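Hello,

Here is the structure I said I would pass on. My notes follow it.

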Amino acid sequence: MTSMILYHGEPNGPSLAVLAALAESGVTAECRAIDLLRGERHILPGVTEGTARDMGVEGEGPVLVIANEDGGGEAMTESVFIAQFLDECGANTLQPKDAYAHWQMLMWCRRVTERCAPAAAFLGCKATAHAALAAMDDSAFAALSSHIVSEDLRTRWDMIRDGEFTEAQVNDSVRHVTGAVAMVEEQLADGREWLMGDVTIADFETFAWLNGMPALLPEVFAGKDRTAAWMDRVRARPSVQSALAKASKPAPEKSWAPGPEINRWG
Amino acid sequence: MADVTLYHWEPNANSGKPMLALMEKGVPFDSHYIDMLNFDQHKPEYLAINPQGTIPAMTHRGPWGERMLVESTAIMEYVNEQFDGPALMPADARARWRIRWWMKFMDQWLAPSFSMFGWKYFVGPNSLATHGREKIEEQISRIPLPERQVAWRKAVFGLFSDEEMAESSRRIEHGIKMLEAELGKREWLASDEYSLADVNGFNLAYAMPLSQPHLANDDLTPNIMRWLRAIYRRPATQACWKLGRTRMASRVEILEQDYIPPRDESEGVTSGVR
């Protein structure tokens, strides 16, 4: 197997999803923690093919660097796709084998990454990342920002630092997180343990984006007993426990960095 | 009557993806044309099939009853996994990752910018001229998903700000450069084998030499042009684009030309197909 290095942030959001999938897959990869909010993702050593890192839709997610034969490295991004890759290289247990069930899982993950993830990252960054970035002096922030290739991702960093969180965007984000929780609650209504029946990437991806939300939006989770019990089950899995144990400080669910953009079409 | 029915508009963008994937796989299907500009997708008979009112949608009948599938890229993955026929995803896991990455990048980052231009200069004005504002407003109010209502109003009435158009323009220019660089690395997009990424990318890019003549042409983007012509020559592509009914689909004929020189940006706008 080619050598792989997984650069990950604090175990929350997409970094948490991929760390959990790595543990489930049994694949060997060296895990290196980086500080996403210091822009360290943009200055990784040994990346010679950086398109996916530079232009990924997910924003500041984990990066899996695969060694090339020529000594360089290709940066892989997008948590769902990294999780699929690790699963397919390893135990191959996290995706349904039936084509229709696989489609259902992919559709579920799309709803989470397109609607819930931008909203959760927006609210999380408002709650924690804004203060950290605002406290940076201008020259340090400018140096960080100069390494970010994607213009629209750089704009998201600027807006978070400047505290540009409009009421409309906040309300919209709360609506999307509420929708995701409702979707989970409904999916579990037939008494199933995991979202797709068996444990899949959908459980880790969904849990990872929602794990920081109860503290920010307790009202959204009120009375959602099935969701709460499912989150406890996901959290209790050894793969998630080992991922959460990689936290460098308490409460990793409060660690956020600029995420996917909010849909430009409204 | 085939087991598979595909509800689609023109072989273009999202509708064209599952159409071409089914044809590449050799899967027989009943083609059900939905006239998007006549708002067929919001009529009760279609909402009975796909309550979200989005196109394309596919039904597949079998021992399980009837399945209804939506979202063009996800439908393509289903088509590839469910049916026999040539594999449209390679065996190599890393190539599969790259294909998925490019499809998401095109679906979420690049294609919305292309469609903003398409609606502003072509589809929106044509739709307004044909149906009138009042009828369109009434049709939009029947769309089930609120965010789709917002998107449709923006699209049909051209309510894009100058900033939004400038951002879309920037993304189109940057995206074309990325595609050109990527296609310089391998024969096909993201992989050494013809795959779903090529099916997806062709639907996004086939008309670029017409709509973006200053950015996509044989002088500036030879790899893109080689790739578009190679896909155009495939029998499945030829059969697929024959299902088009409007001049939107017939734009594909530009790829008959052996050499397409750079032209001014304004020719993309005035040709009415941008």
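**Contact between the chains**

Chain B gives 25 residues to the contact and chain A gives 22 residues. Two residues are in contact if their C-beta atoms, placed from the backbone, lie within 7 Å.

This is a predicted model: local features need pLDDT of at least 70, side-chain atom pairs count only at pLDDT 80 or more, and totals for chains, interfaces and linings use all residues. Residues are numbered from 1 along each chain as its sequence is written, while chains are lettered from A and ligands numbered from 1 in the order in which they are written.

On the side of chain B that touches chain A, the elements that give two or more residues are strand 4 (65-70), helix 3 (72-82), helix 4 (93-131), helix 6 (146-156) and helix 7 (162-183) of chain B. Helices (H or I, at least four residues) and strands (E, at least two) are DSSP runs, numbered from the N terminus. Helix 4 of chain B has the largest share of that side, 11 residues. By class, the side holds 12 nonpolar, 2 polar and 11 charged residues. Ala, Val, Leu, Ile, Met, Phe, Trp, Tyr, Cys and Pro count as nonpolar, Asp, Glu, Lys and Arg as charged, and the others, Gly among them, as polar.

**Domains of chain B**

Chain B splits into domain 1 (4-82) and domain 2 (96-270); these bounds come from an automatic or database domain assignment. Their C-alpha centres lie 19 Å apart. Domain 1 of chain B puts 23 residues into the contact between them, and domain 2 of chain B puts in 29 residues. On the domain 1 side, helix 1 (13-25), strand 2 (29-33) and helix 3 of chain B each supply at least two residues. Helix 1 of chain B brings the largest share of that side, 8 residues.

Regards
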